[in-house]
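Visitor: Please take me through one part of this model closely, and show me what surrounds it. Plain words will do.

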Amino acid sequence: MVNYRCAVLGKPIAHSLSPVLHNAAYDSLGLHDWFYDKHEVGQEDLDVFLKGLDPAWAGLSLTMPLKKTIQPYGTPSNLWAEELKVANTAVFDWSEPDRSDPAWPNGRPAIKLYNTDVIGIQLAFDHANRELGLHHTDRRAGEALVIGNGNTATSATAALCMMPEIGRITVAARHPGKNPTLKAVAEKFIKSDRPYREIDLADEDEVLKAAGEATYVINTIPGHAADGLARLFTGVGSTTFGGLLLDVVYDPRPTSLMRAWRSRAGHAIGGEEMLLYQALVQVLLMTGIWDDDPPSDADQRLQNTTTEDDHLEIDMRRALEEAL
């Protein structure tokens with residue numbers, strides 16, 4: 001019997017692997033009365049969907065285009081949901097629903113909003129560094145390169161701000177200046193000289209220089225849009241890259257950009273790592289295992305959680321690998 005429901009909403013949604021991850025987590029935790037599915041919900045549909053929920057619903061994952069649309073319905077409850085005004089997670093509290101509005105036939109729950117995308121990126125890098133045996137200083141001496149300046153680049157920039165080894169972020173985009181939030185976030189959270197700059201993605205010399213100097217590179221351009229960049233990296237003679245690349249794309253796997261990066265001696269991880277960790281934090285929040293999610297200690301809290309119950313991450317990772 002299902003007593004608790006969660007789901008991912010978005011449009012389109014058929015491709016989502018979130019149900020695979022969340023249901024694997026429920027099995028791993030012995031939560032046999034929990035179930036997670038997916039619903040195609042656009043911006044214009046969200047209001048009706050929310051008002052039709054009942055107290056069996058514990059939480060929602062939000063994909064594009066709903067990460068901003070959800071904002072008026074809840075309260076930002078971690079740093080990045082508040083700072084970026086973008087949330088990918090909603091957690092419901094039905095203990096005292098507001099029954100004053102007849103448009104909500106089951107009452108309106110209190111809704112806490114979280115951004116776990118930022119933490120998901122941060123934890124993906126932390127995991128990769130541990131696996132590779134890489135250690136970095138916390139002196140803000142490193143540089144990072146973000147490719148693209150859309151919504152995903154916002155979360156990527158925020159995640160880099162949380163990494164004490166990064167002192168400057170370079171964003172390479174087709175239309176520099178289009179997303180002023182990137183500069184504002186970097187300048188607010190990185191206490192170093194000149195923490196942010198932008199370059200034109202078409203300037204191959206500048207892109208190669210930034211890539212060669214970067215401790216971390218995050219590609220946020222979807223689909224095959226980065227294939228040209230992969231060709232650029234492949235054709236640079238004897239140049240090598242010493243940084244760690246995260247390509248948020250995970251289909252195809254590995255991407256052409258990841259293959260090009262590895263061919264130049266760099267390490268690369270795919271977007272499935274970010275997907276895994278943002279979902280893991282969502283599970284801990286929606287099930288109430290975590291009652292809050294302070295970004296300042298999320299990494300340590302996750303390590304403690306998985307140390308005590310280390311099969312959770314392993315089971316989620318296995319389910320994801322099988323689905324891919």
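Guide: Helix α1, residues 18–29, lies across β1 (4–10), β2 and β3. The helix runs at about 170° to β2. Keep in mind that this is a predicted model.

The strands under that helix belong to a sheet. It is an open sheet of six strands, in the order β2-β1-β3-β5-β6-β4, and the pairing is mixed. The edge positions are taken by β2 (34–40) and β4 (75–76); each has a single partner strand, so one side of each is left without a neighbour in the sheet. Further in, β3 (residues 57–62) pairs with β5 (residues 89–98) in the antiparallel sense, over three bridges. Within this sheet, Ser 61 stands opposite Thr 89 in β5.

Now look at β6, residues 108–114, where Pro 109 lies. Is Pro 109 buried or exposed? Its relative accessible area is 5%, and because buried means under 20%, Pro 109 counts as buried. Setting aside its neighbours within four places in sequence, Pro 109 is in contact with Phe 92, Asp 93, Trp 94 and Trp 104. The C-alpha atom of Pro 109 is also separated by 9.4 Å from that of Leu 53, although the two residues are 56 apart along the chain.

A second open sheet also has six strands, in the order β9-β8-β7-β10-β11-β12, with parallel pairing. Here β9 (196–200) and β12 (267–270) stand at the edges with a single partner strand each, so one side of each has no neighbour in the sheet. From one strand to the next, the twist averages 20°.

Strand β11 (residues 244–247) can be followed residue by residue. Leu 244 and Leu 246 point one way from it, Leu 245 and Asp 247 point the other way, and all are buried. On one side, β10 is joined to β11 by four bridges, and the two run parallel; Ile 218 has Leu 246 of β11 as its bridge partner. Four bridges also join β11 to β12, again running parallel, and Asp 247 stands opposite Gly 270 in β12. Helix α10 packs on this sheet, touching β11 and β12, and its direction makes about 55° with that of β12.

Another helix to find is α5, residues 151–161. Nine of its 11 residues are buried, so α5 is largely enclosed by the rest of the structure. The buried residues include Ala 153, Thr 154 and Cys 161. Among the elements that cover them are α3 (79–84), α4 (117–132), β7 (142–147) and β8 (166–173).

The largest pocket holds about 1,200 Å³ of space. Of the 45 residues lining it, Met 64, Lys 67, Thr 152, Val 248 and Met 274 are the closest to its centre. Each of β3, α5 and α10 (271–286) supplies at least two residues of this lining. By class, the pocket lining has 17 nonpolar, 21 polar and seven charged residues.

There is also one cavity of 30 Å³ or more, and the largest cavity has a volume of about 30 Å³. The cavity lining has two nonpolar, four polar and two charged residues.

Methods: Residues numbered from 1 in each chain as written. Predicted model: local features only at pLDDT ≥ 70, side-chain atom pairs only at ≥ 80, totals over all residues. Heavy atoms only, no water. Buried < 20%, exposed > 50% of the residue type's maximum accessible area, 1.4 Å probe, protein only. Contact = heavy atoms within 4.5 Å. Pairing = 2+ DSSP bridges. Axes fitted to C-alpha atoms, helices over the stretch in contact; angles between N-to-C directions. 1 Å grid on protein atoms, 1.4 Å probe; cavity = no way out; pocket = protein on both sides within 12 Å on 5 of 7 lines; lining within 4 Å. Points joined across faces, edges and corners; volume = space filled by probe spheres on them. Nonpolar A, V, L, I, M, F, W, Y, C, P; charged D, E, K, R; others polar.
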